[in-house]
2 protein chains.
Amino acid sequence: MTATIVMKFGGTSVADAERIKRAARRIVGKRDAGKRVVAVLSARGQTTDELIQMAEEVSPTPDPREMDMLLSTGERISCALCAMAINDLGHRAISLTGSQAGIVTDASHTKARIIDVRADRIRQALEDDLIVLVAGFQGVSTSRDVTTLGRGGSDTTAVALAAAIGAEVCEIYSDVAGVFTADPRVVPDARKLPVVSFEEMLEMAASGAKVLQLRSVEYARTHGVRIHCRSSFEESPGTFVLGEDETMEHPLITAVTHSTDEARITLTGVPDRPGVAAAIFRALADANCNVDTIIQNEPREEGRDAEVSFTIAAEDLRAAERALEPIRTGLGIAEIDTDSEIGKVSIIGAGMRSHPGVAAQVFETLAARGINIEMISTSPIKISCVIRSDEVPEAVQALHESFQLSLAEVQRERPIGQEAR
Amino acid sequence: MTATIVMKFGGTSVADAERIKRAARRIVGKRDAGKRVVAVLSARGQTTDELIQMAEEVSPTPDPREMDMLLSTGERISCALCAMAINDLGHRAISLTGSQAGIVTDASHTKARIIDVRADRIRQALEDDLIVLVAGFQGVSTSRDVTTLGRGGSDTTAVALAAAIGAEVCEIYSDVAGVFTADPRVVPDARKLPVVSFEEMLEMAASGAKVLQLRSVEYARTHGVRIHCRSSFEESPGTFVLGEDETMEHPLITAVTHSTDEARITLTGVPDRPGVAAAIFRALADANCNVDTIIQNEPREEGRDAEVSFTIAAEDLRAAERALEPIRTGLGIAEIDTDSEIGKVSIIGAGMRSHPGVAAQVFETLAARGINIEMISTSPIKISCVIRSDEVPEAVQALHESFQLSLAEVQRERPIGQEAR
């Protein structure tokens with residue numbers, strides 16, 4: 001049976017007529033190489049932002065169901081245009097909406113989750129020798145309404161389809177050439193990684209790397225979908241994201257990531273009694289604020305008040321304040337302080353698990369530069385430090401140098417049977 | 001049972017945020033007046049043209065199926081935005097795609113015909129006390145592809161839905177206040193008609209009046225749907241389009257219409273044998289050229305060649321030439337001449353049937369102005385004259401004056417039970 005691949009093109013890869021034709025040629029190239037192709041497309045460049053602006057002009061609080069009806073048009077436009085371009089290249093293509101492609105979601109408008117993929121129509125089209133283009137980022141709810149998966153949801157569409165049709169690889173095309181040891185704009189000698197594990201990629205996506213949406217990596221790990229992140233604008237291979245068993249070697253540290261779009265909220269005078277923290281974070285969850293690092297200082301003396309600090313995305317700061325204000329008096333919290341001048345630098349590496357000295361080296365490196373660490377959070381394969389946002393670039397450079405990430409110490413091999421054949 | 005009305009808003013009526021809010025208020029006004037409302041929306045202002053331009057940038061001959069996927073997004077955007085605006089006014093609205101609204105069509109992409117309206121979802125939404133917004137101009141084919149109904153198809157969507165749900169009236173909102181005795185830009189004292197019959201409206205739509213799409217009038221006549229053409233920007237009643245039995249009185253002449261976007265093709269040296277005309281017009285039909293007036297001059301002597309002239313829409317001229325060229329030699333046609341400087345002026349009136357002197361008065365009126373008539377075609381309630389395009393305005397003014405159309409000689413009554421209650 002002919003192998004199937006899923007190719008996903010991001011917004012910058014379909015931003016104008018020339019780029020759509022380029023994507024079409026790339027898709028046709030795969031078909032000519034003997035693959036069956038399902039391509040998932042994002043909305044063109046600024047389309048989604050323009051649609052959001054239209055909604056804001058009409059309504060201060062757009063209805064979520066209607067927002068989904070509105071936003072889902074962007075990807076359909078990309079797909080229809082790309083199908084036209086492919087047909088002109090002498091191949092037959094068919095574009096499908098998320099609904100037509102069988103992406104079934106729950107009814108959480110603007111942030112729906114995929115609950116089923118009924119890919120019969122895609123399979124039939126592939127059988128009929130068609131190239132299938134699917135509008136990313138969208139699906140249809142069980143109550144037959146159009147839904148969207150949230151920003152960056154096209155990655156998840158691509159991975160979910162790859163899982164459903166048993167694709168040999170899910171290629172994610174964008175304007176970056178792969179996953180790097182650090183952001184090349186901050187660290188000029190950052191190195192492109194041939195392979196990272198799902199676990200590392202998850203930590204990287206969660207700590208600031210923008211190459212893949214977190215949810216899509218989770219989905220890929222759960223369903224064993226191989227991802228290949230690569231550039232729309234060059235032919236060279238990018239970075240494979242694979243299971244740990246396939247990644248061959250585990251270097252100590254894989255990459256340094258960073259983020260400057262975070263904010264911190266500190267609650268002081270928090271009564272030291274059971275249920276207070278639960279009430280705080282329930283209110284934040286209900287307001288859809290994703291809390292990252294949490295630090296609670298136990299009071300030094302029995303009965304004294306505690307202090308709770310946590311970080312959230314900067315864009316959620318206002319929503320978080322609105323969520324906390326009404327419960328503040330009831331809980332007896334003294335003060336709510338906010339700080340939007342914070343940043344986070346993280347080092348990630350699956351090999352860290354078996355090397356105890358990593359944390360000490362991180363702290364020493366930052367201390368040597370005079371960078372003060374305000375909060376720390378760790379996982380078995382990640383150490384994150386919250387610092388002042390203006391010190392983030394220097395911290396990234398220092399850690400990248402300290403762990404010698406520009407040198408390919410351990411040359412990871414490309415997994416067998418992939419792409420470069 | 002609560003009465004239901006269908007309201008259709010054209011592109012200029014939803015062209016920007018302010019106009020969408022205005023349409024929303026108008027819709028909510030009807031709901032507050034106790035009606036159930038289904039509103040059909042067109043794409044915003046220039047949206048369709050912009051989408052067509054995008055397609056042309058990508059492909060010289062866009063695939064029709066993909067063209068439909070592309071173009072259908074415009075109306076969805078309008079509907080989603082208007083639903084948001086209605087929700088902000090404290091009412092609950094739901095937007096539906098043509099497919100969700102149950103508009104089932106054949107598979108003739110870009111010019112599909114409605115074959116069924118399965119309005120269960122609309123009925124359920126109305127039962128649930130929702131205002132229903134439907135994306136005009138589109139449907140879903142029996143093979144589950146998105147289709148469009150051709151330019152102006154939103155009128156047809158509105159009429160088809162009005163028929164399916166038994167609406168008491170189908171209101172067509174646009175930037176014109178109704179149907180006039182002539183184009184007010186050409187004849188400043190043209191008068192707004194309170195009522196016209198379906199038959200008159202069909203002739204008017206076919207001869208240049210742009211207020212309603214021809215197909216929608218046919219559909220309304222067949223299914224007995226009352227149409228009310230009115231302005232989005234003022235409250236006063238517009239023009240009702242009704243069955244002849246409801247229109248009370250038949251004035252001699254109802255209106256003068258005109259068109260300057262026509263072209264004429266003349267075939268000379270056409271062999272005088274059976275089957276030649278059939279071959280010519282089959283080729284034009286296959287190329288989708290809608291032929292209007294046809295004139296064939298019988299050869300004066302047996303065996304001599306004939307001359308065939310016909311008019312088509314100016315935009316179809318190139319397609320017609322391309323269609324005729326390949327069959328020309330085979331049929332033995334001597335020459336194909338084209339003339340795109342022609343126009344047409346028509347007078348329409350159901351009362352004409354019983355008044356034989358109308359044609360003579362038309363010809364005398366034009367002759368008195370020195371306007372040469374190049375072709376004539378008639379129906380029981382219409383007389384059309386093909387003249388030079390630059391003489392069209394004067395011809396319209398002369399006929400409007402000659403038949404005293406600015407005077408409401410016969411005051412037609414507004415039909416009982418409509419609108420102005």
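What distance separates the centres of domain 1 of chain A and domain 2 of chain A, taken over C-alpha atoms? In this predicted model, the two centres lie 32 Å apart. Domain 1 of chain A covers residues 4-245, and domain 2 of chain A covers residues 257-402. The contact between them draws 15 residues from domain 1 of chain A and 16 residues from domain 2 of chain A. On the side of domain 1 of chain A that touches domain 2 of chain A, the most is given by helix H7 (residues 198-206) of chain A, with 4 residues. By residue class, that side of domain 1 of chain A holds 6 nonpolar, 4 polar and 5 charged residues.

We can turn next to the pairing of the chains. Here, 27 residues of chain B are in contact with 27 residues of chain A. Three helices of chain B, namely H1 (17-32), H2 (47-58) and H3 (64-88), each supply at least two residues of the side that touches chain A. Of these, H3(B) provides the largest share, 14 residues. The side of chain B that touches chain A comprises 15 nonpolar residues, 5 polar ones and 7 charged ones.

How are the two copies related?

H6(A) is mostly covered, with 12 of its 13 residues buried. Among the buried residues are Gly153(A), Asp155(A), Val159(A), Leu161(A) and Ala164(A). After H6(A) comes Gly166(A), which has a positive phi near 65°.

Strand E14 (residues 291-297) of chain A contains Ile295(A). This residue, Ile295(A), counts as partly exposed because it has 16 C-beta neighbours inside 10 Å. Leaving aside residues up to four places away in sequence, Ile295(A) touches Ser309(A) and Met375(A). The C-alpha atoms of Ile295(A) and Ile376(A) are separated by 8.5 Å, and these two residues are 81 residues apart along the chain.

Most residues other than glycine have a negative phi. Phe137(B), a residue other than glycine, has a positive phi near 80°. Its place is in the loop between strand E6 (131-135) and strand E7 (138-141) of chain B. Is Phe137(B) buried or exposed? Phe137(B) has 28 C-beta neighbours inside 10 Å, so it counts as buried.

Asn288(B), likewise not a glycine, has a positive phi of about 65°. The loop that holds Asn288(B) runs between helix H8 (276-286) and strand E14 (291-297) of chain B. With 12 C-beta neighbours inside 10 Å, Asn288(B) counts as exposed.

Methods. Residues numbered from 1 in each chain as written. Chains lettered and ligands numbered in written order. Predicted model: local features only at pLDDT ≥ 70, side-chain atom pairs only at ≥ 80, totals over all residues. Contact = placed C-beta atoms within 7 Å. Nonpolar A, V, L, I, M, F, W, Y, C, P; charged D, E, K, R; others polar. Domains from an automatic or database assignment. Buried ≥ 20, exposed ≤ 12 C-beta atoms within 10 Å, placed from the backbone.
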